[in-house]
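Welcome, and thanks for joining this short tour. Shall we look at some rings and strands together?

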Amino acid sequence: GVIGKAMPNWTYGFSLNLNYKRFDFMAAFRGEGNRDVFNVTNMVAGSPNRIASGTNGLVTIDGNKQTKSEYAKISDRWIEEASFLKFDFASIGYNINMRNNKYISKARIYGSANNILVLTKYSGPDPEVFAKNPSFSLGAKDIPSQGLDYNMYPRSISFTLGCQLSF
């Protein structure tokens, strides 16, 4: 089979909306299947030349008899399967009864979260990478490169609490 395929063979998504009395709940999921990521971060961090300086980022070094003076080598060893399922969004709310209020017609309090969970076999922090070309690339810098993970900071989880009012 082909390795190093940054574009997924398939993408999917689904959502859930529930209402019960005055409560509402919404959740959204999405994912990609059959895609690869070139884990440049592990390649550079696991380079044998980093052993002498004490900065080798990997727990084990492969048994391919590389010497300490060798630099990271581009190979298929650093290509990882990066299919994923993301729990992207969830929100729960409560609609407050405002029938007896002459100033506010509707009121809702809610809490929500984004980027909640990622299920993947990928060893990096986030399989959904879209990096600028790293310095070792043969192409122009600052051109987005899908499928390269080079010191990408993972997406953060965010939480929101709010109140919606209609007058």
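Trainee: What should I know about the model before we start?

Mentor: This is a predicted model, in which local features need pLDDT of at least 70 and side-chain atom pairs count only at pLDDT 80 or more, while totals for chains, interfaces and linings use all residues. Residues are numbered from 1 along each chain as its sequence is written, and side-chain values use heavy atoms, leaving out hydrogens and water.

Trainee: How are the rings of W10 and Y12 arranged: stacked, edge-to-face or tilted?

Mentor: Rings of Phe, Tyr and Trp (its six-membered ring) pair if their centres lie within 6.5 Å; planes under 30 degrees apart count as stacked, over 60 as edge-to-face and the rest as tilted. By this rule there are four aromatic pairs. The centres of W10 and Y12 are 5.5 Å apart and their planes stand at 35°, so this pair is tilted.

Trainee: Which residues form one aromatic cluster with F14?

Mentor: F29 and F87 make a stacked pair, with 4.6 Å from centre to centre and 15° between the planes. The cluster that includes F14 also holds F29 and F87.

Trainee: How many residues of strand β1 are buried?

Mentor: Buried means under 20% relative accessible area, exposed over 50%, and partly exposed in between (1.4 Å probe, protein chains only). W10, at 49%, is partly exposed. Strands are DSSP runs of E with at least two residues, numbered from the N terminus. Strand β1 (residues 10–20) has 11 residues and lies largely in the open, because the number buried is zero.

Conventions: Helix = DSSP H or I, 4+ residues; strand = E, 2+ residues; numbered from the N terminus.
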